[in-house]
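Here is a friendly briefing to read alongside the coordinates.

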Amino acid sequence: MAQLVETHGHTHDHESPQAKAENLKFAMWLYLASEVIIFSILIAAFAIFRVRQPEMVDEAREALSISFVSVNTFVLLASSWAMVMGLLAIQKGNNESMVRWIGLTGVLGLTFVLLQLVEYQELRHEGIALYSETAGRFGQRFYPLTAFHGAHVIVGVIWAFIVMFKGIKRQYSPTNYIGIEIFGLYWHFVDVVWIILFTMIYLI
Amino acid sequence: MATITAPLDRPLEGKRPHINEYLRWSVDHKIIGVQYMVTALFFFIVGGALAMMIRAELLTPALDVAASGQQFNTIFSMHGTIMIFGWIIPMMAGFGNYFVPLQLGAKDMAFPWLNAFAFWLIPPAGMLLILSWFIGPIEAGWTAYPPLSTLFSGDGQTLAALSLHLLGISSILGAINFIVTIKNMRPPGMGYFQMPLFTWTILATALIIVLATPFLAGALTLLILDRIGGTKFFDAANGGDVLLWQNVFWFYSHPAVYIMVLPGMGILSEVLAVHSRKSIFGYKLVALSSLGIALIGFTVWAHHMFTSLTPELRIPFMITSMIIAVPTGIKVFSWLATIWMGKIRFTAAMLFGLGFLSMFVIGGISGVMLATLPFDIHVHDTYFVVSHLHFVLFGGAVFAIYAGIYHWFPKVTGRMLDERLGRLHFFITYVSFFLTFFPMNFAGMLGMPRRVAVYDPKFQTLNVIISIAGFVLGVSTFILFYNMFDSLRHGKKASANPWRALTLEWATSSPPPSTNFIEDPVPMSDPYGYGTTEAEAYLYGQEQQFGPLKPAHFEAALLAAASDDSDPLPEGAGD
Amino acid sequence: MAEDEMTQAENEISDAENVNEEAAAPVDETAHEIAHAHIPSDTTDVLGITLPFPIYTAVFVILAVLTVIEVVVGTGSSGAVIAIILAAIAFGKAYLVVSYYMHLRTDNRLFTYTLVFPLIVGILGILWLILVAPEAGGVE
Ligand SMILES: [Cu+2]
């Protein structure tokens with residue numbers, strides 16, 4: 001026991017920006033860990049359906065436009081890319097560039113949400129409601145899952161514009177960009193969830 | 001290497017924060033901890049009153065106290081929900097909030113603002129829960145099984161589900177805070193295996209919360225959609241599946257048992273070691289067994305579904321449920337070995353610690369009985385189960401909370417609780433607790449179903465015994481409340497370290513200053529090294545530096561020069 | 001141009017250093033992490049060719065290409081093999097985002113565990129729920 005005390009006898013500072021940044025990142029990852037679990041329940045609700053009643057999903061897919069959703073997927077991927085380019089920009093000290101990239105992130109995220117609403121509208125016209133006796137039970141497995149993801153995107157869009165606004169007010173620097181990095185973790189996570197959802201709902 | 005702590009450079013006179021501090025937003029973990037605990041105690045009273053109503057109803061085999069069977073359903077549903085989500089979990093979070101940073105020698109949690117935010121989600125959640133009583137009572141039990149919770153319960157079920165959502169978010173945010181704090185805020189010299197065991201259990205608990213609570217959130221989301229969105233996830237008549245709820249609910253709720261009990265086990269390790277002046281036996285194993293319990297706790301959920309699950313899937317869960325008794329057993333034997341040959345002080349805290357130990361073992365044994373498939377089929381949904389869960393959650397978690405209150409009240413308030421009242425509280429609680437819940441085993445094995453207001457008259461004798469003991473148990477709680485209120489004003493002043501403990505929360509004044517420590521404390525290389533020269537030197541140094549440790553009744557031989565105060569323990573306490 | 005020419009090999013080394021999630025020394029590691037704050041260069045080296053954009057852009061291009069492949073493979077045909085291929089591609093894309101955009105490749109190894117453990121719990125949970133789900137969902 002005693003030697004452990006000796007090897008770590010040096011002092012450190014819990015209050016240093018580095019320690020705080022690391023704490024924030026760890027906290028964000030733990031938060032994402034819990035998000036993984038909650039998404040897995042909603043994914044399970046869909047996956048059960050896909051495995052046990054495949055014909056209903058096949059039927060519903062005829063109403064879904066794959067090419068439209070592919071474009072939307074591309075939009076979200078692009079926003080993730082813009083996000084990480086923004087991070088790169090601030091790491092290199094280019095604040096203006098960072099603000100532009102993060103702004104692009106937010107705009108692309110917003111585009112995703114709007115296109116998803118358009119898709120919902122299309123599906124409504126095809127008769128796929130949250131629950132309907134006639135059109136099968138695709139809707140109740142589809143809407144909650146995609147809407148829960150969409151809600152995450154909306155939160156992310158708001159967060160992106162907040163980060164952008166703070167960037168305009170020059171609150172970040174090459175030594176202090178943890179706020180952007182944390183937002184990035186969240187945003188990429190939302191992207192990753194969509195990557196899985198897209199393949200599972202529309203393709204497999 | 002000697003690590004004598006010199007924690008303070010001014011007299012050990014702490015000042016209690018003004019009452020207003022507790023009524024508003026504060027980011028001080030000590031304020032937040034007390035906020036948690038007081039809120040939880042409020043829910044304890046509410047849940048306890050409901051329990052009294054249940055016992056009053058069950059005095060006779062007929063329906064008399066409750067207006068209807070539905071109302072009885074509501075009473076026990078609210079009782080369970082409030083006790084679990086409003087009392088035990090927030091109370092443990094309160095202890096964690098107050099003592100984890102102190103035990104780590106830290107100034108605060110890693111994220112003070114998040115900490116306050118997590119707490120302030122609880123009052124609205126509590127209001128929603130209580131409001132549910134008035135707008136369409138819940139009738140599905142705390143487990144909220146559909147179709148009871150979807151087709152039969154009133155709109156209150158939706159409110160309760162929203163309330164649990166808030167409580168879930170609160171406890172996830174709190175848990176993230178604990179994990180980051182424990183990982184990154186330990187002082188130099190405190191590795192994971194120099195941490196106090198209470199902090200260890202909070203770490204294990206927090207890990208469970210982060211991984212398990214979202215399951216409940218997912219299930220509740222589907223439940224709310226079924227109730228207000230018109231979906232049919234749990235409606236078997238329309239292609240839904242009620243077992244989906246049961247599975248996901250128990251994904252969460254079995255681990256939740258450990259969310260409630262693990263911190264209690266941590267409190268017990270602290271109390272037993274301090275009050276028997278012994279080092280923890282097998283410290284490392286005890287610490288790791290918490291993680292073991294956390295891990296195995298995720299593999300046993302389906303033992304709650306023995307009667308609803310596909311038969312061939314039951315045996316694996318029977319096995320895992322028995323395996324989880326192993327890490328628990330490690331803890332029990334460690335506690336026994338810890339107090340073995342110790343210089344035991346029968347303080348109220350210690351008595352409740354021993355009470356936990358004895359009652360939790362009974363609960364553990366009936367748990368293994370229930371894990372045994374053939375027996376479970378027999379006593380499934382009977383009072384045997386009610387007995388088991390109360391031995392674990394009252395005999396375990398609540399006794400631990402009592403022990404924690406007696407142990408840490410001096411630190412939080414700067415006043416000692418009255419030991420004589422404390423012992424009275426213990427003896428009445430202990431006996432009436434046993435007489436309340438042990439006869440339930442017989443009722444259960446004879447076939448009395450749980451969750452009924454009207455039962456076969458042949459069970460009446462047992463139920464009268466249970467109810468009378470239950471009322472005594474209920475009343476005994478007020479001894480504690482009286483003791484706390486009275487001691488706040490008139491209790492003996494507590495010095496920094498009344499129990500002569502070695503963990504860091506005792507290395508600062510009682511109550512601690514707002515920065516917790518005046519200068520960075522240096523932890524002992526072994527937080528439970530009682531009887532070592534290092535510990536003696538530390539305690540002697542504390543005495544020398546800050547004057548006599550009040551009240552002076554521990555290790556009088558060592559600190560003979562300092563014992564001037566009157567002994568708060570009537571007899572058998574001094575050496 | 002390139003502030004930090006940390007090559008693949010160097011990454012491997014710094015990874016190896018970080019593996020050491022030693023119980024007793026969490027804080028030192030924190031400091032260590034920050035000291036190596038990882039900023040990729042403006043160019044990407046692939047097979048000896050230097051491309052004029054950062055690795056992030058290269059990953060984006062790969063993600064886009066994979067998505068196109070997925071859509072081509074996934075529309076029209078179905079079956080178990082196709083499903084496995086699609087799932088593999090999806091997980092590959094997720095892996096790229098997590099390891100490059102979320103920096104798990106170079107960041108504290110603990111974060112990887114923080115992601116992987118719930119992922120295992122979640123996937124096992126999904127598989128279990130599929131396993132016990134009733135055939136063709138109850139009464140029609
Ligand atoms: Cu269980």
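Chain C and chain A bury about 4600 Å² between them, and carbon and sulfur atoms give 76% of that area; buried area here is the accessible area (1.4 Å probe) that two parts lose on being put together, summed over both. C:Phe60, C:Met102 and C:Phe111 supply 14% of what chain C buries against chain A, more than any other three residues. Please keep in mind that this is a predicted model, in which local features need pLDDT of at least 70 and side-chain atom pairs count only at pLDDT 80 or more, while totals for chains, interfaces and linings use all residues. Residues are numbered from 1 along each chain as its sequence is written, chains are lettered from A and ligands numbered from 1 in the order in which they are written, and side-chain values use heavy atoms, with hydrogens and water left out.

**The interface of chain C and chain A**

- The interface brings 58 residues of chain C into contact with 52 residues of chain A, contact meaning heavy atoms within 4.5 Å.
- One salt bridge is found across this interface, under the rule of a side-chain nitrogen of Lys or Arg within 4 Å of a carboxyl oxygen of Asp or Glu.
- C:Asp107 and A:Lys25 form a salt bridge, with their closest N and O atoms 3.0 Å apart.
- Seven residue pairs, both at pLDDT 80 or more, are in polar contact between chain C and chain A. A polar contact is a pair of N or O atoms within 3.5 Å; within protein, one must be able to donate a hydrogen and the other to accept it, and residues adjacent in sequence count only if both atoms are side-chain atoms.
- On the side of chain C that touches chain A, helix H2 (26–35), helix H3 (55–74), helix H4 (80–101) and helix H5 (109–132) of chain C each supply at least two residues. Helices are DSSP runs (H or I, at least four residues), numbered from the N terminus.
- H5(C) gives the most to that side, with twelve residues.
- By class, that side of chain C has 37 nonpolar, twelve polar and nine charged residues. Ala, Val, Leu, Ile, Met, Phe, Trp, Tyr, Cys and Pro count as nonpolar, Asp, Glu, Lys and Arg as charged, and the others, Gly among them, as polar.

**The copper site in chain B**

- Which atoms coordinate the copper ion? They are B:His254 (ND1), B:His303 (NE2) and B:His304 (NE2), at 1.7 to 2.0 Å. Donors are N, O and S atoms within 2.8 Å of the metal (3.2 Å for Na, K and Ca); water is not among the atoms, so sites may look incomplete.
- Along the chain, the donors of the copper ion follow the spacing H-x48-H-H.
- B:His254 lies in helix H9 (residues 242–276) of chain B and B:His303 in the loop between helix H10 (283–296) and helix H11 (314–323) of chain B, so the pair ties together parts that are 49 residues apart in sequence.

**Backbone points to check**

- Most residues other than glycine have a negative phi, and most peptide bonds are trans.
- The peptide bond from B:Pro146 to B:Pro147 is cis, with omega near 5°, and B:Pro147 lies in the loop between helix H5 (122–135) and helix H6 (148–152) of chain B.
- B:Ser510 and B:Pro511 are also joined by a cis peptide bond, with omega about -10°.
- A:Arg170 has a positive phi, near 60°, and lies in the loop between helix H6 (138–168) and helix H7 (178–203) of chain A.

**Confidence**

- The model scores ipTM 0.89 and pTM 0.88.
- Chain C has a mean pLDDT of 73, where pLDDT is the predictor's confidence in each residue, from 0 to 100.
- Residues 1–36 of chain C stay under 50 in pLDDT.
- Where pLDDT is low, the predicted coordinates should not be read in detail.
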